[in-house]
Each structure stands twice: as C-alpha cells, then as structure tokens.
Amino acid sequence: MSETAPRSRTDTAGGESGSAEAPRNEPRRTTSKRGGGDPGSRGRTTIADGVVEKIAGLAARDVLGVHAMGSGLSRTFGAVRDRVPGGSRSQATRGVKAEVGEVQTALDLEIVVDYGVSISDVARAVRENVISAVERMTGLEVVEVNIAVSDVKLPEEEEEEEEPRIQ
C-alpha cells in the first residue's frame with residue numbers, strides 16, 4: 001500500500017467499525033467538557049495558619065462571657081507591638097494558635113472570661129462557634145479546640161492601661 005492511499009474502515013462481522021479513529025474529514029466528538037471535570041477540583045487551595053487564627057479569634061470574641069483573648073502578658077506585649085510601626089500582629093489572632101494541615105486543623109485558644117459566668121458554658125459556646133466558623137469558611141475539619149482560661153475579669157478591675165509608661 002502506498003503512503004498516499006486513504007485509510008479505510010474495516011467492517012467486522014457485526015457490521016461495526018473495527019477502528020476507533022474517525023475518518024479524517026469528520027470532526028471527532030467527545031462527551032467530556034474541555035479541561036475535564038469540575039473546575040473547583042482543578043488545582044490546590046492552601047490556607048495559612050494566620051487565616052484560620054483570625055477566623056477562630058473573631059468567632060471566639062463573639063461569645064458572651066469572653067472578655068478578652070490571650071494572657072495578660074500577651075495582651076501587654078500586643079499593646080506595645082501595636083504601637084511599633086510594622087510590628088503589630090492583628091488583635092484578631094491574639095490568644096489563638098492554629099496548626100493547619102491539608103484537610104484538618106487543630107486550635108489552641110487562651111481566653112479571659114468575665115466574672116460570674118459559667119466557665120464550662122463559655123468554653124462550650126466558644127468551641128461550637130469556632131468550629132462552625134472555621135469549617136464553614138475554610139472547609140477544613142476542626143479536629144480539636146483546646147481552651148485555656150488564663151484569667152477572670154473582675155467587675156472592679158480597671159482596664160489595662162494602653163499608654164506607654166515611657167515617652
């Protein structure tokens with residue numbers, strides 16, 4: 001057979017084409033979409049620890065009975081850091097530490113509760129709010145939320161002074 005001879009289909013006994021190739025003059029038709037599959041599955045999304053920390057910190061602060069996040073020392077250092085240009089870490093992440101994997105995350109929170117509230121009820125509400133917010137916004141599974149209550153805010157206690165002692 002010469003190289004210029006056109007290819008022909010060979011019929012089998014059942015009358016079907018024995019070749020999977022379409023003739024050259026007919027366009028090939030495919031049933032799959034261009035690129036294949038769901039567009040949402042084409043690529044990888046990574047979520048930084050700081051993103052999860054912000055979400056968790058804001059969700060924890062929304063719970064009634066949570067006075068502040070972080071220990072007294074971390075809040076003091078945070079107030080100083082906020083005054084240094086370029087040195088401020090978001091207040092939303094204060095008192096929150098996240099470990100983020102590909103599909104799961106674990107959180108450690110340090111909170112100050114108001115005097116008179118049930119600490120166990122506040123901790124339960126914080127866990128529920130944080131888990132709901134993080135899972136809804138990130139799609140990550142929250143495997144644990146550890147809560148450390150570092151202080152109780154008494155009604156007669158003054159708010160911590162935010163002004164630096166040295167000017």
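What average pLDDT does the protein chain reach, and what share of the residues score at least 70? The protein chain averages a pLDDT (the predictor's confidence in each residue, from 0 to 100) of 78, and 61% of the residues score at least 70. This is a predicted model, in which local features need pLDDT of at least 70 and side-chain atom pairs count only at pLDDT 80 or more, whereas totals for chains, interfaces and linings use all residues. Residues are numbered from 1 along each chain as its sequence is written, and side-chain values use heavy atoms, with hydrogens and water left out.

**View A. Confidence along the protein chain.** Mean confidence is highest in helix α3 (residues 119-138), at 98, and lowest in helix α2 (residues 72-83), at 51. Helices (H or I, at least four residues) and strands (E, at least two) are DSSP runs, numbered from the N terminus. Over residues 5-17 pLDDT stays under 50, and the model has 10 contacts beyond four places in sequence for them; contact means heavy atoms within 4.5 Å. Where pLDDT is low, the predicted coordinates should not be read in detail.

View B. Val122, Ala123, Val126, Val130, Ala133, Val134 and Thr138 of α3 are buried (under 20% relative accessible area; exposed is over 50% and partly exposed in between, with a 1.4 Å probe and protein chains only). They cover an arc of only 110° around the axis, which places them on the same side of α3; the arc is that of the directions from the helix axis to the C-beta atoms. The buried residues pack against α1 (49-61), β1 (66-69), β3 (104-114) and β4 (141-153). Exposed Glu128 and Arg136 lie on the face of α3 turned away from its buried side. Gly139, with a positive phi near 80°, follows α3.

View C. The structure holds one salt bridge (a side-chain nitrogen of Lys or Arg within 4 Å of a carboxyl oxygen of Asp or Glu). The side chains of Asp121 and Arg124 form this salt bridge, at 3.0 Å from N to O. Asp121 and Arg124 are three residues apart in α3, and are therefore separated by about one helical turn. Asp121 is partly exposed at 43% relative accessibility, as is Arg124 at 45%.

**View D. Strand pairing around β3.** Two strands pair if DSSP finds at least two bridges between them. β3 runs antiparallel to β1, over three bridges, with Val66 opposite Val113. Five bridges join β3 to the antiparallel strand β2 (residues 96-100), and a hairpin of three residues connects β2 to β3. β3 and β4 run parallel and are joined by 11 bridges. Ala106 of β3 is the bridge partner of Glu99 and also pairs with Glu144 in β4.
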